[in-house]
Amino acid sequence: MIPRSGRRKGFSGFAVWSLFLSFFATRVFSIDNFRQAFPIVEPDPGHTKLRLSDEGLKAIERITTPIAAVSVIGPYRSGKSFLLNQLLSLSCYEGFGVGHMRDTQTKGIWVWGDPVMVDIDGVKTSVFYLDTEGFESIGKSNVYDDRIFALATIMSSVLIYNLPETIREADISRLSFAVELAEEFYGRVKGQDVAFEPAKLLWLIQRDFLQGKSVQELVSEALQQVPNDNGDPNIDQVNKIRESLAVMGDNSTAFSLPQPHLQRTKLCDLSDKELEPAYVEKREKLKSIVSSIIRPKIVHAKSLNGKEFVSFLMQILDALNKGEIPSTGSLVEAFNKRILERCLKLYNVRMGNLGLPTSEESLQQAHDGSKEAAMLAFDEQHFGRQHAKKSADQLVEEIEGVYKNIILANEYQSSKLCEALYTRCEDKMDKLQVLRLPSMAKFNAGFLQCNRSFENECIGPAKGNYEARMMKMLGKSKSLFIKEYNQRLFNWLVGFSLVMVVVGRFILKFFLIEIGAWVLFIFLETYTRMFWSSESLYYNPVWHTIVSTWETVVYSPILDLDRWVIHLAVVAAILMLYWRCYGRKKHGSRWLLPLYNNQKEQRRSD
């Protein structure tokens with residue numbers, strides 16, 4: 001059981017339950033009073049990773065103006081919460097909770113829900129003050145401290161590193177993440193395109209006497225290289241951090257703050273008049289310095305409002321919790337994930353505008369141009385400098401993967417198109433083989449048209465294979481047509497001559513038609529009998545003349561007799577019947593050359 005204080009003895013069970021329901025409803029549905037501290041990040045049960053808290057997020061999400069954040073970090077029980085209350089001009093009972101026990105009071109990261117409105121370069125900016133859990137407290141892992149430090153470093157516009165008395169080597173080592181972060185992003189800040197602006201680092205040394213040195217000299221001295229004759233790797237690592245921090249000098253400043261009062265446990269009960277005058281003066285100067293260096297949080301050259309800041313925070317936290325140890329590389333990858341997706345989408349859109357199938361050269365050119373555009377967009381938007389190479393390599397790898405799929409799709413579409421053209425030409429060649437009136441001119445015209453359409457329309461990687469098949473098929477079709485052409489024409493002319501004999505003798509009774517038909521029939525039959533075969537006829541000049549006349553009559557660009565042969569036959573039959581039945585009676589036969597003209601017919605005509 002939990003022991004109750006004297007103050008709580010008067011509470012009834014019903015009152016306690018009512019308070020609990022009221023508190024729960026306030027957390028779930030709405031927050032009426034934002035003038036209080038809210039947790040935004042809390043430790044998980046194992047106190048190794050971080051999780052978000054809805055209360056603090058709601059306090060931030062409601063802000064529509066640009067946001068800036070001031071975070072105070074440092075060892076536990078170093079007065080961070082008290083310092084924040086002083087910067088906000090709040091008492092300990094109004095502002096952040098101040099602990100007087102050995103256990104740390106602040107868990108995770110807390111935010112003061114009522115931001116301070118500041119005019120920065122003519123832009124109204126909401127400044128949030130963040131209190132962080134102290135380092136090196138009991139019952140926590142170093143990884144947890146690293147995550148708190150990393151998150152505060154990324155979120156903040158101003159990072160106040162609150163250190164009691166002096167700067168230890170451990171304090172410098174803890175800045176390794178801030179150094180990596182600055183090395184990744186700081187180079188882009190000076191240009192117009194700001195991918196992600198790191199926090200301004202403010203060294204705050206709480207010390208009464210600096211032994212004749214300025215605070216900046218104290219910081220510079222702490223950042224000087226330490227001799228490492230024995231090659232200690234830990235000293236090398238700290239020296240690298242010192243070197244990087246020295247290079248970042250234009251992104252940091254230093255300030256000293258004397259102790260507010262000798263009795264530190266009573267600070268919350270003292271007014272400004274009771275505090276050390278030197279402290280009060282320095283405190284006001286510190287407020288001015290913070291106000292002068294603070295800037296809205298900038299991501300991709302754009303200041304963040306409340307909802308955007310919360311989204312940014314979620315992205316950071318997910319990246320920091322992903323690995324066993326928070327790293328700048330994992331953070332850069334997380335930030336670049338959406339940029340990578342946008343660049344890949346840009347590549348897909350550009351390649352999607354390219355109609356498939358297309359030639360391999362055109363596809364390669366489109367790929368090179370789209371890839372260059374995607375990589376250029378990534379170079380302009382990406383986070384990080386050195387670790388961004390991994391994201392860039394990933395983008396290249398994904399682009400190449402998409403390109404391989406497009407190549408396969410192009411091959412499929414090319415095969416599909418060329419197969420359709422090949423089938424169409426094959427069908428056309430089959431139809432030309434069985435023309436009603438065999439015509440070499442019509443076959444050649446169809447052959448050229450088919451070849452030309454295939455050459456112009458079949459594109460892509462499958463064209464070479466189908467082109468070889470096409471030429472083979474056309475060659476076979478042409479050889480077969482030529483082989484059968486003369487024989488079909490010979491048989492057709494023999495039949496035609498016999499038909500015209502019957503028509504000239506019994507239907508039209510035109511003497512010349514019958515004579516001409518008999519001459520053609522006798523020539524065809526006797527020639528083949530005399531020379532043993534019909535093939536010998538095909539080399540005769542007379543046959544060539546017959547073929548030329550036939551081709552001229554049967555096919556021309558204007559008239560294709562093969563298409564109209566049935567219609568013309570029907571019309572001719574009708575005309576012949578008409579003539580047979582009515583034409584001779586009406587017009588007589590004096591101008592004709594009848595085959596027979598005996599006396600019986602003469603008397604009938606008289």
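These questions and answers cover the disulfides of this model and a few of its residues.

The model is predicted: local features need pLDDT of at least 70, side-chain atom pairs count only at pLDDT 80 or more, and totals for chains, interfaces and linings use all residues. Residues are numbered from 1 along each chain as its sequence is written, and side-chain values use heavy atoms, with hydrogens and water left out.

User: How many disulfides does the structure hold?
Analyst: A disulfide is a pair of cysteine sulfur atoms within 2.5 Å. The structure holds three.

User: What pattern do the disulfides of the protein chain follow?
Analyst: Bonded cysteines are counted along the chain. The pattern is 1-2, 3-6, 4-5.

User: Is the disulfide of Cys92 and Cys268 left-handed or right-handed?
Analyst: The sulfur atoms of Cys92 and Cys268 are 2.1 Å apart. The torsion about their S-S bond is about -80°. Therefore the disulfide is left-handed.

User: How many residues apart in sequence are the parts that Cys92 and Cys268 tie together?
Analyst: Helices (H or I, at least four residues) and strands (E, at least two) are DSSP runs, numbered from the N terminus. Cys92 lies in the loop between helix H3 (80–87) and strand E4 (109–112). Cys268 lies in the loop between strand E9 (252–257) and helix H9 (277–293). So the pair ties together parts that are 176 residues apart.

User: Is Cys92 buried or exposed?
Analyst: Buried means under 20% relative accessible area, exposed over 50%, and partly exposed in between (1.4 Å probe, protein chains only). Cys92 has 12% relative accessibility. So Cys92 counts as buried.

User: What is the handedness of the link of Cys418 and Cys458?
Analyst: Cys418 and Cys458 form a disulfide, with sulfur atoms 1.9 Å apart. Cys418 sits in helix H13 (residues 388–433), and Cys458 in the loop between helix H14 (440–457) and H15. The angle about the S-S bond is 90°. The link is right-handed.

User: Why does Arg505 count as partly exposed?
Analyst: Arg505 lies in helix H15 (residues 463–507). Arg505 counts as partly exposed because its relative accessibility is 25%.
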